[in-house]
Amino acid sequence: MFGDYEAQRHWMEITYHLPIEQWYVNGTHNDLMYWGLDYPPLTAYHHWILGAVSHEINEKWVELTDSRGFESVAHKLFMRISAIIPFFFFYFPPLLVSLRTPTTRFLAVLYPVLLVIDNGHFQYNSISLGLFLATYVLLTRNHTLLGSIAFVCALNYKQMELYHALPVFLFILSRSINKSQPLGSLLRVSRIGIVVLFTFLLIWIPFVLTGTAKDVLIRVFPFNRGLYEDKVASFWCAFSFILKRIPVIQKFQIYLSTFLVLLCSFPSLLALFLQPSDKNFKISLTTTALSFFLFSFHVHEKTILLATIPSILLLEDFQNLVIWMLNISNISVFSLCIKDEFPMALAFFLAFSPCHVAEN
């Protein structure tokens, strides 16, 4: 159905023309089987803004129903610019702030998977990942309330930010607790909780008021789509030829998936809670995201970004190990590039491999 490029364009069409209560609901002008909106409210609001801009430039770009599959040189330019601007506005600044040395900044900026996914496969991952990096910067600099708001926004832009939710929660909780000041600790945690709940309410209130919050949740968490999508480097995909023949696993797959994610995440989460240092935070973010990537429900190829981006924060601690991980992630998404008829991405991946050697 014309690929993810069309999905993003279609969401602009739907959010611009239809009332908000119809954005996530199947209807005459919103066939959910045709790239139905399946990301949280901030993604929808973002596409509503882009849809309004598109309509002002050329009505045909987002004409209701009749614009399906629309492509033109001017529209492609607009779509590319709309993907490039968030990279430099949301992702680039906190990435540079997070790293201290020119070498690690050079490697981080040249990491090709995000560039290929957002500009080849066509996504806006730089927004949610940029908000995640902003969360890391703010929390490690003790701006807890601002960091909490940034993470709620990241989570409400793309639900995959749940990969980072456990380390973020425990880092905030551990740093907010002071055994010698139990009342003060309670007040700090309560204040953070109130800010988080208020931010969620502010984002979701249009759907709460229109009675469609449940419809949004059903679209955002598509358990009916199975354990994995396409061919990805997950446990479930690697051993599917065995697991599909075991009925009990099919019956309890959601619970088994949750258990394995928590089991593999637990050691790093425990270490983080007991010693909430910046380094433990980075390690836990990477380890937990990898646990989700390997064992969680409905994993897509691009979700490797949820593990590699926090691993980039570890470049100054484990440079060679992280470089190996980044190179392997390049390989893991190449099949997606072939599917999108973008084999030239291989040139970017090959060029990135010797970069660290040259820098060293």
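Is K282 buried or exposed? I looked it up in what is a predicted model: K282 counts as buried, because its relative accessibility is 10% and the cut-off for buried is under 20%.

Next I checked its partner. K282 forms a salt bridge with D317, with 3.0 Å between the closest N and O atoms. The pair links distant parts of the chain, 35 residues apart: K282 sits in helix 15, D317 in the loop between helix 16 (305-312) and helix 17 (319-339). D317 is partly exposed, at 33% relative accessible area.

I then went through other salt bridges; the structure holds 6. R175 pairs with D278, closest N and O atoms 3.1 Å apart. That one also joins distant parts of the chain, from helix 8 (residues 165-176) to helix 15 (residues 278-295), 103 residues apart. I noted R175 as partly exposed at 34%, and D278 as partly exposed at 31%. E71 and K76 make another salt bridge, at 3.4 Å; E71 is partly exposed at 42%, K76 likewise partly exposed at 39%.

I found a nonpolar surface patch of about 1100 Å², whose residues include L162, F221, F241, V248 and Y255. Helix 12 (240-243) and helix 14 (253-274) are the elements giving it two or more residues. V248 is in helix 13 (residues 247-251) and counts as partly exposed at 49%.

I also logged a negative patch made by E56, E59, E63 and D66. E63 lies in the loop between helix 2 (41-57) and helix 3 (73-98), partly exposed at 36%.

Conventions
Residues are numbered from 1 along each chain as its sequence is written. This is a predicted model: local features need pLDDT of at least 70, side-chain atom pairs count only at pLDDT 80 or more; totals for chains, interfaces and linings use all residues. Side-chain values use heavy atoms; hydrogens and water are left out. Patches are made of residues with over 30% relative accessible area and no salt bridge: like charges are joined within 9 Å, nonpolar side chains (Val, Leu, Ile, Met, Phe, Trp, Tyr) within 5 Å. Accessible areas come from the Shrake-Rupley method with a 1.4 Å probe; for residues, only the protein chains shown count as cover. A salt bridge is a side-chain nitrogen of Lys or Arg within 4 Å of a carboxyl oxygen of Asp or Glu. Helices (H or I, at least four residues) and strands (E, at least two) are DSSP runs, numbered from the N terminus. Buried means under 20% relative accessible area, exposed over 50%, partly exposed in between (1.4 Å probe, protein chains only). Lys and Arg count as positive and Asp and Glu as negative; His and the chain ends are not counted. The place of a charge is taken as NZ of Lys, CZ of Arg, CG of Asp or CD of Glu.
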